[in-house]
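Reader: Could you walk me through this model, one question at a time?

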Amino acid sequence: MFVFDGNVRTIQRVAAKVQRVMVVDSNPATARLLTEHLRPLGGVQIFPAPTAEKGYALARAADPQLIFVEHGSSGVDGLAFTRKLRRSDLTCREAPVIMCTSEATAEAIFGARDAGVHEFMRKPFNLKDLERRLEAVTLKPREWVEAVAYVGPDRRRFNSADYKGPRKRKADASDTPAARLSQALRIVKSAAQALDSDPTQARRALAAQALELRRVGEAVKEPRLVQAAEALASCTQSDITGADVRTELVKRIDALMGFMGSEDKGRAA
């Protein structure tokens, strides 16, 4: 059996990022099949979990580099598992997740995308199906989005080889400074509205966007944006909590809102 047409360099690059693989599936045959398919990569450890609850506990202990999760009739809710993982404090919270299911409908695929899944694979799958997903998650990494309503890889670059319908999106001009600024500010605005309802994720989102806004400010040589972003970052890094920190956060967020275009002020992140 040859993976990636026997290309040694590609195999080595992929193998380095999939040494610890967790399989959350009630059917043990899935883990056995993946073990067989991944054998040519050498030294891959497979950690099977029959339920989402056991998978979450195993993820904390094993720190997997890649996660396969079932979703559908087996009883494993892969969407709920992925959302919980993304919002957790686990080291592997950003690990690529490949969802496997026999229900390859548009609803299932876009539900996976919105839960924070990296790739979607229809069951039963073969070696070539697996190769395409492994290549996507290891050799073509996507930007990470740390928001409030959504945590996961950039959904604008989601691509499922199983779905060819009219809702299939193509990558847009998301790497331009203007697009990055727009998205970061919309996330900041959303996080500000969640400071009371979801303070942990709101502060996490604000910290991530402060770094992104500083990079944008440096790219476009806008010192006021850099200064405002650094002020927000400093506040999110404080260990102090309570009303005083919340007041300071709101003050720094307000300073950043001045960089938001009028077309974005009514849009959600």
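This is a predicted model: local features need pLDDT of at least 70, side-chain atom pairs count only at pLDDT 80 or more; totals for chains, interfaces and linings use all residues.

Reader: What percentage of the residues of the protein chain count as buried?

Author: Buried means under 20% relative accessible area, exposed means over 50%, and partly exposed is in between (1.4 Å probe, protein chains only). Of the 269 residues of the protein chain, the buried share is 48%.

Reader: And what share of the contacts with a separation of 6 or more comes from residues 24 or more positions apart?

Author: A contact here means heavy atoms within 4.5 Å. Among contacts in the protein chain with a separation of 6 or more, residues 24 or more positions apart account for 67%.

Reader: Are H8 and H9 roughly parallel or roughly antiparallel?

Author: Two packed helices are described by the angle between their axes and the distance between the axes. Axes are lines fitted to C-alpha atoms, for helices over the stretch in contact, and angles run from 0 to 180 degrees between N-to-C directions. H8 and H9 pack at about 155°, their axes 8 Å apart. Angles under 35 degrees count as roughly parallel, over 145 as roughly antiparallel, 65 to 115 as roughly perpendicular and the rest as oblique, so H8 and H9 are roughly antiparallel.

Reader: How many nonpolar, polar and charged residues does the contact of H8 with H9 have?

Author: The contact includes Leu206, Ala210 and Leu213 of H8, and Ala229, Leu232 and Thr236 of H9. Ala, Val, Leu, Ile, Met, Phe, Trp, Tyr, Cys and Pro count as nonpolar, Asp, Glu, Lys and Arg as charged, and the others, Gly among them, as polar. By these classes the contact of H8 with H9 has eleven nonpolar, two polar and four charged residues.

Reader: Which residues does Thr236 contact, leaving aside neighbours within four places in sequence?

Author: Thr236 is found in helix H9 (residues 223-236). Thr236 is buried, because its relative accessible area is 11%. Leaving aside neighbours within four places in sequence, its contacts are Arg203, Leu206, Ala207 and Leu249.

Reader: How do the residues of the contact of H7 with H10 divide by class?

Author: The axes of H7 and H10 come within 10 Å and cross at roughly 150°. Leu185, Val188, Lys189 and Ala192 in H7 meet Ile253, Leu256 and Met257 in H10. By class, the residues of this contact are six nonpolar, no polar and one charged.

Reader: At what angle do H4 and H5 pack?

Author: Helix H4 (residues 78-86) and helix H5 (residues 106-115) have axes 9 Å apart. The two are roughly parallel, and their packing angle is about 15°.

Reader: Is Val151 buried or exposed?

Author: Val151 is found in strand E7 (residues 151-153). Not counting residues up to four places away in sequence, Val151 touches several residues, including Arg86, Ala115 and Trp144. With a relative accessible area of 5%, Val151 is buried.

Reader: Where is the cis peptide bond involving Pro124?

Author: Pro124 is found in the loop between strand E5 (119-122) and helix H6 (127-139). With omega near -5°, the cis bond runs from Lys123 to Pro124.

Reader: Is Lys221 buried or exposed?

Author: Lys221 lies in the loop between helix H8 (199-219) and H9. Lys221 has a positive phi of about 55° although it is not a glycine. With a relative accessible area of 71%, Lys221 is exposed.

Notes:
Residues are numbered from 1 along each chain as its sequence is written. Side-chain values use heavy atoms; hydrogens and water are left out. Helices (H or I, at least four residues) and strands (E, at least two) are DSSP runs, numbered from the N terminus.
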